[in-house]
Amino acid sequence: MKTNRFWSWIALAFGILYFVVPLIGTLEFSLRMRRGVYSLDAYWVILSDPRFQATFGYSIVMALVTIVVGIVLVVPTAYWVRLRLPSWRPFLEFITLLPLVIPAIVVVFGYIRLYNTSSFLPLTGSAMGTNILLVFGYTMLALPYMYRAVDTGLGAIDIRTMTEAAESLGASRIKIMWSVILPNVLVAVLSGAFLTFAIVIGEFTMAALLNRPAFGPFLQLIGANRAYEPAALAVISFAITWVCMGLIQVVTRLNKSLAATKR
Amino acid sequence: MSFLTISHLKKSFGATTVVHDFNLDIEKGEFVSFLGPSGCGKTTVLRMVAGFETPTSGKISIGGQDVVNLKPNQRNIGMVFQAYALFPNMTVAQNVAFGLKVAKKPQAEIDATVQEMLSLIKLDHLGDRYPYQLSGGQQQRVALARALATKPQVLLLDEPLSALDAKIRVSLREEIRAIQRKLGITTIFVTHDQEEALSISDRIVVMYEGKAEQVGAPFEIYNQPSSRFVASFVGTLNTFDATVRDAAAGIIAIDGKDVMIGQKITNHKTGDKISLAVRPEAVSLGEATDKRETTLDGKINSVHFLGSVIRIRASLGENIVSFDTFNNPSAPPPSPGENVKVSLAAKDMLLLGQ
Ligand SMILES: Nc1ncnc2c1ncn2[C@@H]1O[C@H](COP(=O)(O)OP(=O)(O)O)[C@@H](O)[C@H]1O
Ligand SMILES: [Mg+2]
């Protein structure tokens with residue numbers, strides 16, 4: 001028992017060191033732009049860079065659109081499969097896991113081949129078309145997380161009887177989706193959404209190869225040409241990711257305490 | 001013309017047929033129970049009426065309209081589930097209002113109906129609560145109010161009391177029956193509990209292996225079961241093995257002793273082995289009386305004190321009977337192993353088909 005504890009603490013300490021030391025190093029370095037004193041200069045340089053504002057804004061919009069597309073795609077699909085085609089669930093799970101094993105670069109080259117200017121659907125021919133393509137790419141990247149979150153959420157409620165109860169009260173499919181199913185899996189959808197946000201904000205490969213002015217490529221550009229600013233940027237992106245993870249925790253907790261009162 | 005007509009209804013899942021040639025006519029305002037063991041197809045029939053399952057063949061009509069091709073949301077049927085199925089994201093009042101909102105009723109009408117429904121189920125004061133803040137019994141009452149709010153043509157209840165405590169089960173079934181009477185709504189109530197079915201139904205459909213074994217009023221079902229299954233499922237039934245002594249005179253031998261059963265035995269000859277059944281209330285402890293004219297020798301197997309009644313099991317030779325006597329403070333019950341006289345009303349014995 002005692003030795004168990006001891007080794008647990010050692011493991012924890014090692015983990016913390018492993019993650020925290022580089023972070024502290026980065027943070028410390030990002031504060032040293034002004035010679036001899038700690039300052040936030042590197043952060044000011046970044047935050048006041050119009051390219052930062054433009055790319056960050058662009059990525060936020062892309063993330064929000066991706067979240068909406070993801071919800072519209074995943075919630076009805078996961079719902080329908082659970083309700084009517086339960087035998088397809090393993091297959092769907094497999095499909096949604098594919099983005100984890102297929103490198104983004106393969107996917108994006110596939111896109112470029114399929115949707116280039118001389119193809120049947122020349123999406124890459126215009127900025128808007130390429131944005132659409134990028135949203136689809138992001139949606140796919142976020143699929144494993146979004147699907148899992150929503151599917152777990154659906155598993156926690158009795159969707160079948162709830163659907164039938166609503167149906168016998170005269171509700172249409174869309175009404176059931178919107179008023180009964182979605183509100184009851186909202187927490188799951190939100191955690192999926194925050195994960196999607198975190199993924200999209202930092203994504204580099206797809207944005208770079210489709211040549212869109214996203215935050216990921218900007219990170220890379222700064223990283224390649226400056227000294228202190230990349231460190232500051234790294235800290236900023238860490239903070240964004242953490243805020244997203246923290247929000248997931250918050251909504252999950254809220255839901256848990258709500259569920260606890262249900263007992 | 002009855003209000004709800006089910007004719008030649010059949011349902012197969014793949015190769016297994018779970019409902020066979022089911023026929024039933026229900027009058028407007030009638031309260032009909034489906035009674036049968038788990039897995040006999042009660043829910044399946046109910047779900048076909050509600051529209052959640054499509055019949056393999058057969059017809060269902062409500063108020064003269066064929067509904068088989070209507071979707072569940074076009075049938076105007078109220079449904080109450082065993083698992084309550086309230087919407088957890090909505091308050092009690094919002095749950096009750098759901099069907100009315102869907103039907104796009106004016107807000108004033110919705111408010112009035114919700115109020116009316118909540119007072120019908122005596123939960124006026126709990127409109128703002130969420131389902132998880134209610135007890136099981138309260139949740140099921142809300143589910144009932146929600147199903148009734150849209151003034152459905154038919155109310156279907158699928159084992160609505162099974163998830164509740166015994167006490168609440170009894171009071172809620174009375175409440176459901178009272179509300180049903182008040183509104184005069186045509187109702188099908190599914191249960192596997194014979195006491196529940198007997199106590200609240202106008203008519204009972206006893207189901208067995210996907211068929212309606214017998215349809216009738218509770219009194220009829222209990223006293224004149226048409227088959228061995230109905231006889232044994234409804235009530236506690238004692239079965240006897242006996243030999244026919246004289247078919248024309250209606251004399252049989254139970255454990256070597258001749259007994260007049262007071263009816264001709266038509267489908268058996270003298271010398272045949274037959275089965276008979278007798279309800280516990282036709283059996284009692286002690287020597288023969290006017291009501292129970294036949295005395296047999298028995299030996300007590302077990303005695304269960306249940307409060308106002310005492311349940312006794314005794315063996316009469318090869319046969320075992322179980323029956324109740326009322327508690328009598330001045331006469332303690334016999335003890336196991338004791339030899340006793342058991343009297344029974346042979347006229348109330350039922351000849352069972354094999
Ligand atoms: N969707 C289904 N697929 C296959 N078999 C089913 C399905 N629904 C019910 N059954 C079978 O039909 C039979 C009757 O079920 P059910 O109507 O639920 O019985 P009850 O309500 O009387 O307990 C059972 O044997 C059950 O396994
Ligand atoms: Mg059932």
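This is a predicted model: local features need pLDDT of at least 70, side-chain atom pairs count only at pLDDT 80 or more; totals for chains, interfaces and linings use all residues.
Student: How many residues of chain B are in contact with chain A?

Tutor: Contact is counted for heavy atoms within 4.5 Å. On the side of chain A, 21 residues take part. The number for chain B is 21.

Student: What area is buried between chain B and chain A?

Tutor: The size of an interface is often given as the accessible area lost when the parts come together. Between chain B and chain A, carbon and sulfur atoms give 66% of that area. On the side of chain B, Asn73(B), Phe98(B) and Tyr132(B) lose the most, together 30% of what that side buries. The area for the two chains is about 1900 Å².

Student: Which residue of chain A forms a salt bridge with Arg47(B)?

Tutor: The count of salt bridges between chain B and chain A is 1. In the pair that includes Arg47(B), the closest N and O atoms are 2.8 Å apart. The partner of Arg47(B) is Glu164(A).

Student: Which element gives the most residues to the side of chain B that touches chain A?

Tutor: Polar contacts between the two chains join 4 residue pairs, both residues being at pLDDT 80 or more. Two or more residues of the chain B side come from each of β6 (77–80), α2 (92–102) and α4 (136–149). With 3 residues, the element that gives the most is α2(B).

Student: How many residues on the side of chain B that touches chain A are nonpolar?

Tutor: That side also holds 4 polar and 2 charged residues. The number of nonpolar residues is 15.

Student: Why does Thr295(B) count as buried?

Tutor: Thr295(B) lies in strand β16 (residues 294–305) of chain B. Beyond its neighbours within four places in sequence, Thr295(B) is in contact with several residues, including Lys257(B), Glu287(B), Lys341(B) and Val342(B). Buried means under 20% relative accessible area. Thr295(B) therefore counts as buried, its relative accessibility being 16%.

Student: How far from an oxygen atom of ligand 1 does a backbone N or O atom of Gly39(B) lie?

Tutor: The residues that surround ligand 1 include Phe13(B), Val18(B), Gly39(B), Gly41(B), Lys42(B) and Thr43(B). For Gly41(B), a backbone N or O atom lies 3.0 Å from an oxygen atom of the ligand, and a polar backbone atom of Lys42(B) is 2.9 Å from a ligand oxygen. For Gly39(B), the corresponding distance is 2.6 Å.

Notes: Residues are numbered from 1 along each chain as its sequence is written. Chains are lettered from A and ligands numbered from 1 in the order in which they are written. Side-chain values use heavy atoms; hydrogens and water are left out. Buried area is the accessible area (1.4 Å probe) that two parts lose on being put together, summed over both. A salt bridge is a side-chain nitrogen of Lys or Arg within 4 Å of a carboxyl oxygen of Asp or Glu. A polar contact is a pair of N or O atoms within 3.5 Å; within protein, one must be able to donate a hydrogen and the other to accept it, and residues adjacent in sequence count only if both atoms are side-chain atoms. Helices (H or I, at least four residues) and strands (E, at least two) are DSSP runs, numbered from the N terminus. Ala, Val, Leu, Ile, Met, Phe, Trp, Tyr, Cys and Pro count as nonpolar, Asp, Glu, Lys and Arg as charged, and the others, Gly among them, as polar. Buried means under 20% relative accessible area, exposed over 50%, partly exposed in between (1.4 Å probe, protein chains only). A residue is near a molecule or strand if one of its heavy atoms lies within 4 Å of it.
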